[in-house]
Amino acid sequence: MRSNNVFKIDMHNHSYYSEDSTVSPEESVERALELGLDGIAFTEHNSYEASEPVERLKERYNGSIKIFRGMEYSSAEGHVLIFGIRDDRLLAAEQNAPIREVIKIVAEQKCLIIIPHPFREWSLLRIDLSGLNGICAIEAYNHHNNRTENEKAVQAAQALRLPTTGGSDSHRIDEVGSCYTEFFVPVTYENFLDVLRGGQYRGVDRYEAERPLT
């Protein structure tokens with residue numbers, strides 16, 4: 001699957017297991033394969049358990065693409081992506097909890113938090129990133145952001161010395177793979193969290209990456 005020692009994963013996708021998407025997980029996986037991605041992550045809104053049916057796709061696509069699961073949680077100050085979570089009990093009693101409390105709960109369970117689209121005008125993160133401890137990375141490339149919003153996220157990550165990720169935030173099939181994360185080490189189901197902690201990756205906008213040099 002991998003080429004040039006780079007492992008490409010679209011880290012932020014929604015299927016019809018989120019209320020605002022009509023795309024099936026199978027459609028998203030097939031599109032990711034068409035684009036040559038090595039992995040895709042489903043991050044349904046406010047529920048890890050919602051994407052449980054995706055688990056059976058892992059065997060079907062074994063050897064072709066890796067399929068990961070996380071969740072996009074709506075904290076009081078904005079959205080966070082959580083990876084390593086295993087059920088909804090962790091935050092079941094904490095709907096719209098303050099983001100610092102979410103980070104604390106997640107860290108205690110050895111899960112990871114990535115801050116998605118922090119500077120999106122219509123979904124702005126309402127807290128200063130520099131005051132948050134325990135963040136794994138910042139999503140600096142999101143298909144639903146404009147270039148300025150993504151550039152602000154890149155600058156914030158650089159200032160905080162955090163790695164960047166890319167995720168399409170897909171809600172339609174044509175959005176899958178528009179942004180993704182390049183990992184510079186092999187990624188497996190077993191080492192996924194450790195690789196995220198290690199920071200050997202970067203976010204990519206596919207359209208910018210494919211634009212010819214002038």
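**Briefing on a predicted protein model**

The protein carries 23 positive and 34 negative side chains, and the centres of the two sets lie 5 Å apart; Lys and Arg count as positive and Asp and Glu as negative, while His and the chain ends are not counted. The place of a charge is taken as NZ of Lys, CZ of Arg, CG of Asp or CD of Glu. This is a predicted model, in which local features need pLDDT of at least 70 and side-chain atom pairs count only at pLDDT 80 or more, whereas totals for chains, interfaces and linings use all residues. Residues are numbered from 1 along each chain as its sequence is written, and side-chain values use heavy atoms, with hydrogens and water left out.

**Overall fold**

- The protein contains six helices and nine strands, which are DSSP runs numbered from the N terminus (helices: H or I, at least four residues; strands: E, at least two).
- Its radius of gyration is 16 Å, close to the 17 Å given by the globule rule for 214 residues, so the protein is as compact as a globular protein of that length; the radius is taken over C-alpha atoms, and the rule is 2.2 Å times the number of residues to the power 0.38.
- The C-alpha trace spans about 45 × 40 × 30 Å along its principal axes.

**Packing and surface**

- Of the 214 residues, 53% count as buried (buried is under 20% relative accessible area, exposed over 50%, partly exposed in between; 1.4 Å probe, protein chains only).
- Among contacts (heavy atoms within 4.5 Å) between residues at least 6 apart in sequence, 68% join residues at least 24 apart.
- The accessible surface comes to about 10,300 Å², of which 45% belongs to carbon and sulfur atoms; accessible areas come from the Shrake-Rupley method with a 1.4 Å probe.

**Serine 47**

- Serine 47 is located in the loop between β2 (39-45) and α2 (55-60), and it counts as buried at 13% relative accessibility.
- A polar atom of the serine 47 side chain lies 3.4 Å from the backbone nitrogen of glutamate 49.
- Leaving aside residues up to four places away in sequence, serine 47 touches Gly70, Met71 and Asp88.

**Residues with positive phi**

- Most residues other than glycine have a negative phi.
- Lysine 110, although not a glycine, has a positive phi of about 60 degrees; this residue sits in the loop between α3 (99-108) and β5 (112-115) and counts as exposed at 62% relative accessibility.
- Histidine 117 also has a positive phi, near 35 degrees; it is found in the loop between β5 and β6 (137-142) and is buried, with a relative accessible area of 1%.

Notes. Polar contact = N/O pair within 3.5 Å; in protein donor to acceptor, adjacent residues only side chain to side chain.
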